[in-house]
Amino acid sequence: MNSEELNELIGQGYTPYAVMKGAKSMVKLSDNRDIVTDREDNGIEVVPKGEKTPIKFMPRGQNNNMPYLVMKRIGTNVTVGSNVEFKTKVIYGDGLLVYRMNRDEQGNIQKKEVLPAEEPEIFEFLRMNNYNHIRMEIANDLAIFYDSYVEYIFNREDSPKIVQIKSKETTCSRISEIDEKTGKSEWHGYSAEWHKGTPTDLIATPLLDRQAPLRDLMTRMGRLPNDNGLKEIGKQRRFIHNIQMNTPGRFYYGRPYWWSIFASGWYDFSSAIPVLKKSLIKNQMSLRYLVYIKDTFWAELYAKHKAVDEKKQVELREAFLKEMNDYLTGEENAGKSFVSHFRYDRVKGTEDKDIIITPLQSAPDGGEYIEDSEETSNTLSYGMGVHPSIIGSSPGKNKSINGTEARELFIITQALNKMFQEATLEPLYVVKELNGWPKDIYFSVTNCQLTTLDKGTGAVKNTGIKPENEE
């Protein structure tokens, strides 16, 4: 059975099990198709620490624990983990550049790098807030979740300035239900206990308008007139800026396009290969059968035996699987038949079976699943927008590429991630406006640009300040 047939069966609601020759139990393969599906409800009411009025926050995932589940899946798949790390590094780039931009007498735009001695206030702010680390956190969250959260902290002076920036981890962040009067999410909730249902450690902070955060913040700080036409400074001194990569139809949280690897079933197929390979090596067994059981089969089985209690359902399920495993692996059952009921779909013209058992044969030379591993790695990398040859040879033989191809692929990848790189600079432009930094100051992300070896070291830093590269 090939990967396309496997994914088709998983998509039809079948749960795959592997039966090992001589094994005492079946091996259940993972199913993460619904891991990134949001729960449909009206939010969870939570009372923030030190407050009395509850706020409704929108959950992420079926159990409001989806970000942690995604991180766990990333950490258990070699291809996905490597791709995420690569994308994060590309978004971070080679460093932060502060430059001054103006127009000369001939009307040409000039860019000139700014040194710390020329603008000490700016570089002191970057140094005291460890902004390189903040950019690293923003890059991580954007690459994985398409959402990142940054907190601005003001001082208590008559003309407040931003004195500190903090990155708020996306896995712990939720935003409130959209207010019908303002049409906006008004609050950001930070907690490490979302998976418990109702957290007790929640910290609620005003969330800036996600469509116009700078304008909203300047209005709250009395720099721009409010709806009443007055410039008034509010009492709040902490605000959250949601930096996001918008995806159509998503009102609260982004849904990264690369998450299709979970919904499609390719992630599960990729994760199954090392499990089966390990079993073959560890137990020196051959994989004899792959069993697919449709999800509706269990409900019918429970109803037939009138098993309502969850504990009884689990016992009934395990007993059925053990009986099937004994039947398939027992030597005394060799040559016998197995009967499975099926229904005929007159509309689709196909058979709807409850159980499908597929006999398998393992390669005798120890090269099991090499082609499958290569296929899944390439498909996962395709879905994540990473060419597998940039970060290492894909599984199989003779998959390496030459230096020119690698260099061009790397440059293309940097260009395609430009919008992510610019998103990591958004907080600096907010601080620039609120703290009164010079109008001609700008920020950019420098990139490492590979060159041919005949030009020296093989790599230069591209600052974008002038046409020629700078060493």
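Q: How many helices and strands does the secondary structure of the chain come to?
A: Helices (H or I, at least four residues) and strands (E, at least two) are taken as DSSP runs and numbered from the N terminus, and on that basis the chain has 15 helices and 18 strands. This is a predicted model, in which local features need pLDDT of at least 70 and side-chain atom pairs count only at pLDDT 80 or more, whereas totals for chains, interfaces and linings use all residues. Residues are numbered from 1 along each chain as its sequence is written, and side-chain values use heavy atoms, with hydrogens and water left out.

Q: What span should helix α13 have, and where around its axis do its buried residues fall?
A: The expected span of a helix is 1.5 Å times one less than its number of residues. For the 14 residues of α13 (residues 403-416) this gives 20 Å, which agrees with the 20 Å between its end C-alpha atoms. The buried residues of α13 are R407, F410, T413 and Q414. Seen down the axis, they fall within an arc of 125°, so they line one face of the helix, the arc being that of the directions from the helix axis to the C-beta atoms. A415 and L416, on the other side of α13, are exposed.

Q: Which residues of helix α2 are buried, and which are exposed on its other side?
A: In α2 (residues 66-75), the buried residues are M66, P67, V70, R73 and I74. Their arc around the axis is only 125°, which puts them on the same side of α2, while K72 and G75 are exposed on the other side.

Q: Which residues touch the most other members of the largest nonpolar core?
A: A nonpolar core is a set of buried Ala, Val, Leu, Ile, Met, Phe, Trp, Tyr and Cys residues joined through side-chain atoms within 4.5 Å. Of the 36 residues in the largest one, Y152, F154, I162, I165, L217, L434 and F443 touch the most other members. Helix α5 (residues 131-145) contributes the largest share of this core, six residues. Another core, of 18 residues, lies apart from it and includes I35, V84, I261 and F262.

Q: How are the ring pairs of F297 with W298 and with F320 classed?
A: A pair of aromatic rings is described by the distance of the centres and the angle of the planes. Rings of Phe, Tyr and Trp (its six-membered ring) pair if their centres lie within 6.5 Å, and planes under 30 degrees apart count as stacked, over 60 as edge-to-face and the rest as tilted. This rule gives 16 aromatic pairs. The rings of F297 and W298 have centres 5.4 Å apart and planes at 70°, so this pair is edge-to-face. F297 and F320 form a tilted pair, at 5.1 Å centre to centre and 50° between the planes. Because F297 lies in helix α9 (residues 295-304) and F320 in helix α10 (residues 310-329), the pair ties together parts that are 23 residues apart in sequence.

Technical notes
Buried means under 20% relative accessible area, exposed over 50%, partly exposed in between (1.4 Å probe, protein chains only).
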